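Dear colleague,

Please find the structure below, followed by an account of what was found in it.

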Amino acid sequence: MSDTIRDTIDERLSAFADGELGAEEAEEIRRLLETDPAARARLEDFQAMSMALRATLDEIGEEADFEGFADRVMDRLKPESPAAAPPETAAAPEKRRRFEWRLRRRAPLFAGAAALATLAVVVGPGLWGESTAGRVLLAGDPADAKVLAMSTQGEHGATLFKTSEGTTIIYLTGK
Amino acid sequence: MELDDLSLVRKCQAGDDQAFRTLVLRYQRKVFTVAFALVKDREEAMDIAQDAFLRVHQRLGDFKGESSFYTWLYRITRNLAIDRLRARRGDAQELDEKAGWELERADPGFLSSRLGTNPQRGVLRKELAEQMARALGELPEKHREILVLREVEGMSYEELAETLGIPKGTVMSRLYHARAKMQAILRGYLGDEPLGLVVGEEG
């Protein structure tokens, strides 16, 4: 029997095992099964594999620990507590926008610092007065620094970064 | 009396969080199993399951009941799992590229003689379960997916066609190829060892 013919028959055997063949095709398969032991064996293979696969997947689901799973989902649905995020003053969004803009504007400063591989706490140039501008206070590589938090207070802002080496960088900005 | 999915969804839409919790409890294992079958990592599957329920909750307002709740939940789970696979630098792509591989066919009766044919009496041995999970993991993603939906979810060909967005004829053909491939992989794993279901009277 050629592979193509066998594939055609086996495709129907697979669907027959699932009870998904139409009446006429199912009858043809029944007749085939009466006379062809190899077809019967292949049907049994499909049935055995389905059974074993179902048992395997059931076991995977059963082994997983769902204790507290629904609670975690429900907790994540709750809105953040107001205490965790103080309400913004009317002027705050504008201040934050200005702060973020300043941060973007100073992006080259980070690139330069990455090249030197030294930067940890930087007081933004010109933000706290010329005397403190651009001071590098701690060592670290900010090349792949991840922003952890940003905050603003009054006219000042601070961004907290963490580098892949674990160094924390605080970037301060102000008027 | 236990409420059906649609009634629970309607309650959720009216703001009843307890109803949503009931849906989570009802489907958490299924969602996890489907996610696991796709990403093959338990921890990641658990994250996906959690994210899927959150996504469902966010979009409850859009659910009109045109498909079953589970089909909808499944689609969201699947999309999240596929996003994760793609994020793993084309892992899914690599798997699908193997779709054309040639494997030696298993001889007729090979699997049934190894695995047994009576699910009521069969107890899956740990070793076999591991081989099955490993073989499943080697399948191309689309084959793994359709097998899981058929065997775990018990979806009909009609439901599979709807869920996967493919014609019913493709469902039949894809399932067959998935099974044939799985059998061929298992043949390599199981060899001639008498590995399989422990068959005997229970109790």
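Which residues in H1(A) and H2(A) meet? A:Arg12, A:Leu13 and A:Phe16 of H1(A) meet A:Glu25, A:Ala26 and A:Ile29 of H2(A), a contact being a pair of residues whose C-beta atoms, placed from the backbone, lie within 7 Å. Helices and strands are DSSP runs numbered from the N terminus, a helix (H or I) having at least four residues and a strand (E) at least two.

Some conventions apply throughout. This is a predicted model, in which local features need pLDDT of at least 70 and side-chain atom pairs count only at pLDDT 80 or more, while totals for chains, interfaces and linings use all residues. Residues are numbered from 1 along each chain as its sequence is written, and chains are lettered from A and ligands numbered from 1 in the order in which they are written.

**Helix packing in chain A**

The contact of H1(A) with H2(A) comprises four nonpolar residues, no polar ones and two charged ones.

By class, the contact of H1(A) with H3(A) has seven nonpolar, three polar and two charged residues.

**The two chains**

Chain A has six helices and five strands, in the order α-α-α-α-α-α-β-β-β-β-β from the N terminus. Of its 175 residues, 26% are buried; a residue is buried if 20 or more other C-beta atoms lie within 10 Å of its own, exposed if 12 or fewer, and partly exposed in between, with C-beta atoms placed from the backbone. Among contacts in chain A between residues at least 6 apart in sequence, 41% join residues at least 24 apart.

Chain B has 10 helices and two strands, and its elements follow the pattern α-α-α-α-α-α-β-α-α-α-α-β along the sequence. Buried residues account for 41% of the 203 residues of chain B. Of the contacts in chain B between residues at least 6 apart in sequence, 72% join residues at least 24 apart.

**Where the chains meet**

The contact between the chains takes 45 residues from chain B and 34 residues from chain A. Among the elements that give two or more residues to the chain B side are helix H2 (17-39), helix H3 (42-58) and helix H10 (168-190) of chain B. H2(B) provides the largest share of that side, 10 residues. The side of chain B that touches chain A divides into 28 nonpolar, 11 polar and six charged residues.

A:Gly61, found in helix H3 of chain A, touches B:Arg29, B:Phe32 and B:Thr33, not counting residues up to four places away in sequence. A:Gly61 is partly exposed, with 19 other C-beta atoms within 10 Å.

**Confidence**

The model scores ipTM 0.73 and pTM 0.61. The pLDDT, the predictor's confidence in each residue from 0 to 100, averages 65 in chain A, where 45% of the residues score at least 70. In chain A, confidence is lowest in strand E2 (residues 135-136), at a mean of 38, and highest in helix H2 (residues 23-35), at 94. Over residues 93-143 of chain A the pLDDT is below 50.

Chain B averages a pLDDT of 79, and 75% of the residues score at least 70. In chain B, confidence is highest in H3(B), at 94, and lowest in strand E2 (residues 197-199), at a mean of 39. The pLDDT stays under 50 over residues 92-101 of chain B and is below 50 over residues 194-203 of chain B.

With kind regards

Conventions:
Two residues are in contact if their C-beta atoms, placed from the backbone, lie within 7 Å. Ala, Val, Leu, Ile, Met, Phe, Trp, Tyr, Cys and Pro count as nonpolar, Asp, Glu, Lys and Arg as charged, and the others, Gly among them, as polar.
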